[in-house]
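I opened the notebook with the structure on screen.

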Amino acid sequence: MTDHELMEQFERATLPVECFRHAEHVRVAFLYLGERPVLEALHAFSGALQRFAAAHGKSKLYHETITWAYIFLIRERMARTGRTPSWEEFAKDNADLLTWKGGVLDRFYREETLRSDLAREIFVFPDKYVETEP
């Protein structure tokens, strides 16, 4: 599926939910960030994701902390390249962002934090200490 087709079906909520797994979430967020400044992308993607979830009867699955954290992680990784990479390049170079279970957020958040109602409803800052590489 092309980027345009994916975005169109996502925004219209016509994309079958089984075709919108974690990697597709990351890809769509990446596409929003390629078109808009980060805060506009955050607002647009979050709203579209909530509408998509509601249209598929899964509105309780929206998780604000996870959504926002991924938006900012993807944006940072994009900025570090110094250019706007293609999705294929980005995915290859950032495979850790495409792993759902045991993924990148485990480095920053305690499991109980991400399972909390508060983290689902509002953005919660990371609560794990992460040592930086020397």
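**Entry 1: Arg-27**

I looked up the contacts of Arg-27 and left aside its neighbours within four places in sequence. The list is Met-1, Thr-2, Asp-3, Leu-6 and Trp-87. I note that this is a predicted model.

Where does Arg-27 sit? I found Arg-27 in helix 2. Is Arg-27 buried or exposed? Its relative accessible area is 14%, under the 20% cut-off, so I log Arg-27 as buried.

I then checked the spacing to one of its contacts, Asp-3. Arg-27 and Asp-3 are 24 residues apart in sequence. Their C-alpha atoms are 8.5 Å apart in space.

**Entry 2: two glutamates**

I went on to Glu-88, which I placed in helix 5. Glu-88 is exposed, with a relative accessible area of 55%. How many residues lie between Glu-88 and Arg-27 along the chain, and what is their C-alpha separation? The pair is 61 residues apart along the chain, and the C-alpha atoms are separated by 9.5 Å.

Next I took Glu-11, in helix 1. I read a relative accessible area of 41% for Glu-11, which is partly exposed. I also looked up Glu-11 against Arg-83, 72 residues away along the chain. Their C-alpha atoms are separated by 26 Å.

**Entry 3: a backbone check**

I checked phi at Ala-13. The value is near 60 degrees, positive in a residue other than glycine. I located Ala-13 in the loop between helix 1 (3–11) and helix 2 (22–35).

**Entry 4: salt bridges**

Side chains of opposite charge can pair when their charged atoms come close. I searched the whole structure for such pairs and logged 10 salt bridges. I wrote up several of them.

I started with Arg-80 and Glu-76. They form a salt bridge, with the closest N and O atoms 2.6 Å apart. Where do the two partners lie? Both are in helix 4 (residues 64–81), 4 residues apart, about one turn of the helix. I then read their accessibility. Arg-80 is exposed at 65% relative accessible area. Glu-76 is partly exposed at 36%.

Then I looked at Arg-110 and Asp-127. Their salt bridge has its closest N and O atoms 3.0 Å apart. This pair links distant parts of the chain, 17 residues apart. Arg-110 is in the loop between helix 5 (87–93) and helix 6 (111–114). Asp-127 is in the segment after helix 7 (117–121). Arg-110 is partly exposed, with a relative accessible area of 37%. Asp-127 is also partly exposed, at 28%.

Glu-111 is exposed, with a relative accessible area of 55%. Arg-115 counts as exposed too, at 58% relative accessibility.

**Entry 5: charge overall**

I moved from pairs to the whole protein. The protein has 18 positive and 22 negative charges.

**Entry 6: the fold as a whole**

I counted secondary structure last. The protein has 7 helices and 0 strands. Along the sequence the pattern reads α-α-α-α-α-α-α. The radius of gyration is 15 Å, close to the 14 Å that the globule rule gives for 134 residues, so I log the protein as being as compact as a globular protein of that length.

I took the box along the principal axes. The C-alpha atoms fill roughly 45 × 35 × 25 Å.

What share of the protein is buried? Buried residues make up 39% of the 134 residues. I also read the surface: the protein exposes about 8400 Å², and carbon and sulfur atoms supply 53% of it.

I closed with the contacts. I took those between residues at least 6 apart in sequence. Of these, 58% join residues at least 24 apart.

Methods: Residues are numbered from 1 along each chain as its sequence is written. This is a predicted model: local features need pLDDT of at least 70, side-chain atom pairs count only at pLDDT 80 or more; totals for chains, interfaces and linings use all residues. Side-chain values use heavy atoms; hydrogens and water are left out. The radius of gyration is taken over C-alpha atoms; the globule rule is 2.2 Å times the number of residues to the power 0.38. Buried means under 20% relative accessible area, exposed over 50%, partly exposed in between (1.4 Å probe, protein chains only). Contact means heavy atoms within 4.5 Å. Accessible areas come from the Shrake-Rupley method with a 1.4 Å probe; for residues, only the protein chains shown count as cover. Lys and Arg count as positive and Asp and Glu as negative; His and the chain ends are not counted. The place of a charge is taken as NZ of Lys, CZ of Arg, CG of Asp or CD of Glu. A salt bridge is a side-chain nitrogen of Lys or Arg within 4 Å of a carboxyl oxygen of Asp or Glu.
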